[in-house]
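Please look through the structure below before reading on.

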Amino acid sequence: MSLQPPDESAITAVAESYGFGLHEADVASFAPLVQGVLRSWDAVEKLHDQVRPKVPERAWSRPKPADNPLGAWYVTCTVTGSDEGPLAGRTVAVKDNTAVAGVPMMVGSATMTGFVPRRDATIVSRLLDAGATIAGKAVCEDLCTSGGSHTSRTGPVRNPWDPTRTSGGSSSGSAALVAAGIVDFATGGDQAGSIRIPASFSGIVGHKPTYGLVPYTGAFPVDFTIDHVGPMTRTVADAALLLGVMAGRDGHDPRQPADLAVEDYVGALARPADGLRVGVVSEGFGHSDSTAAVDDTVRAAVEILRAAGLTVDDVSIPWHLHGKNLWIVINVEGSTAQMVDGNGYGLSQRGLYDPELMRFYGTKWREDGSQFSEVVKFMLLAGRHMLNRHHGMHYAMARNLVPRLRAAYDEALDRYDVLVMPTTPMQASIILAADAPREEVIARAVEPVTNTCPLDVSGHPACSVPAGLVNGLPTGMMIIGKHFDDATVLRVAHTFEQAIGGFPAPAAATVTSV
C-alpha cells in the first residue's frame, strides 16, 4: 500500500490539534518537508511485506445454536500440529483474545469482527507442537473487560452448573467448555481475574501464572503491565501439564525476564506438601459484597489443608485492600491509552507487534465508537477525562505504588509458602436480560474482581480451585505464591484436590438443558 501524503489541509488539522498557531505560509513551508519524510514509512512498509506471513488456510465454522447450548464457542475448528507430545490426543479451546492463524478472532467485540490473524500466538504454537488439537475459539467478553459473561457480541455464555447464571469472565467460554467436559482444557487471559473469576464461578481450576512466565505474544493486549495468559482445566495435574507446555521465553515478549527458568510443574506435584505454611489473608474475607457462605466454604477448605498436614495461620495484609484502587487507575487509564487509543499494542515497547490488527481495529472503532460495550464506554469516559485533565499523573502514581503492594505480599510470603483467600466474594449471578439497565450491566462486570485484580498488578502467581459447593453452585479458593514459584502454588492446590477426592462436575443434563 502506497501512503497518501498529507495535503495542506491535513497538516493544518494536525497543527491545530497541537495549538501550533501556524499561518498559511507556515503550512505551505512545512508541507513538502512532511511529505518528504513520509517516504521512510513507504520503505518500511515494503520491507515488512517481505517478512509478513501469509494467512494459512484452516477450516473453521460457526456452530449452530443447537450445537452450542452454552453459547461458549465463537468458532469451531480442528487444527493439529505434532502427532506426538505430552498433549497428544487432548483437545483445547483457545480464548478468542489469542491468535490462531487463519481462524477469526473478534475478542468478543463488534470492533474486531472480521479480523483474521496471520500468525499463531506463541502459546498456540506450543500447544500444537505438544500434540494438542485446537478445537475452536472460546467466546470471551467484549475486549476482555467484564468479570461476568454477559457482554460478548455473540451473546451471553451460560454456566454449566446453572444455565441461567453467568460463567464468569472474561474467559467465559473457556470456563464453560472445560466445566462441561466439551474440551479437555482451555487457555485464558487475565488482567483483572479473567482466568480465576470464571474458574471460581464454573467450578474448574484456573491458574494465573507469575507475570512474564508465559509469553503473551499473539494475545490481544490490554495494558502491558497487567497482561497474563494461562491454563484453565478440570484438574490441577492438567493445569501443571498445560503450564509446562506454555511457559518459557519466546524472545518476542519484553514482559519476560532474561533469566526466566521453567520448572517441572507436573513433577512438583509428587512432592509432599505437608509442612508447608499457609497464610489465610484476613482482608480477603468480609467485603461489603461478600457472601458469608462463600467465606465459610473457603475457611472450611483451609481446614482440609490443615488436616492434610499443612500449617495454617491467619495473616493481615492491609495493602491488599489498596490493591484494587491501584488496579482501577492502572487498568482504566492504561487501557484507554494502550488498548483503545493505542489500537491494542500502543507504542514504545520492544516485542512482536501485529500491525494488521492495529490497523483493522484502529480503523473500525474510529468508524463507529458506538459499537463499544457499555463497560468499555464507562472505562473510556473515566480514562480519557483523567488523561485529558491530569495527563497520566495518576497512572504514574499508581505504578510507583506497585512496589509497595508487591512488598506487602512478599513480606507475608517470607513467613508463609502460600497465601489463601476466596477467589470471588460472591457466586455466579443470574445472567442479565438483554435490555438490563446500564448500571446493572456495569455492576455485574466489575463486582467479582475485588480479590483477584491486586494480583494482576503485583504479578504473583494465583490459582483458583473449587473450594466446595454453596447452594449447588461452585465457589473458588485462591492460592497465591512467590514470584515464579508457581510449582508450590500448584502443589498446594493438588494436595487439596487429592484430600477431597477430586473436584465435582456439573450434571450432564444441566449442560444440555438450555
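Asparagine 343 is buried, with a relative accessible area of 16%, where buried means under 20% relative accessible area, exposed means over 50% and partly exposed lies in between, as found with a 1.4 Å probe and protein chains only. This asparagine 343 has a positive phi of about 60° although it is not a glycine, and its place is in the loop between helix 10 and helix 11 (355-367); helices here are DSSP runs of H or I with at least four residues, and strands are runs of E with at least two, numbered from the N terminus.

The model is a predicted one, in which local features need pLDDT of at least 70 and side-chain atom pairs count only at pLDDT 80 or more, while totals for chains, interfaces and linings use all residues. Residues are numbered from 1 along each chain as its sequence is written, and side-chain values use heavy atoms, with hydrogens and water left out.

Which other residue has a positive phi although it is not a glycine? Cysteine 144 does, with a phi of about 60°, and it sits in the loop between strand 4 (133-138) and strand 5 (158-159), where it is buried at a relative accessible area of 7%.

The sulfur of cysteine 144 is the nearest cysteine sulfur to cysteine 140, at 4.1 Å, and cysteine 140 is in no disulfide, a disulfide being a pair of cysteine sulfur atoms within 2.5 Å. Cysteine 140 counts as buried at 1% relative accessibility. Cysteine 77, which is buried with a relative accessible area of 8%, is likewise in no disulfide, and its nearest cysteine sulfur, that of cysteine 140, is 15 Å away.

Another local feature is the peptide bond from glycine 169 to serine 170, which is cis, with omega near 5°; serine 170 lies in the loop between strand 6 (162-166) and helix 5 (172-179).

Turning to helix pairs, the axes of helix 1 (residues 8-18) and helix 2 (residues 24-37) come within 10 Å and cross at roughly 105°, the axes being lines fitted to C-alpha atoms, for helices over the stretch in contact, with angles from 0 to 180 degrees between N-to-C directions. That makes helix 1 roughly perpendicular to helix 2, since angles under 35 degrees count as roughly parallel, over 145 as roughly antiparallel, 65 to 115 as roughly perpendicular and the rest as oblique. Glu8, Ile11 and Thr12 in helix 1 meet Val27, Ala28, Ala31 and Val34 in helix 2, contact meaning heavy atoms within 4.5 Å.
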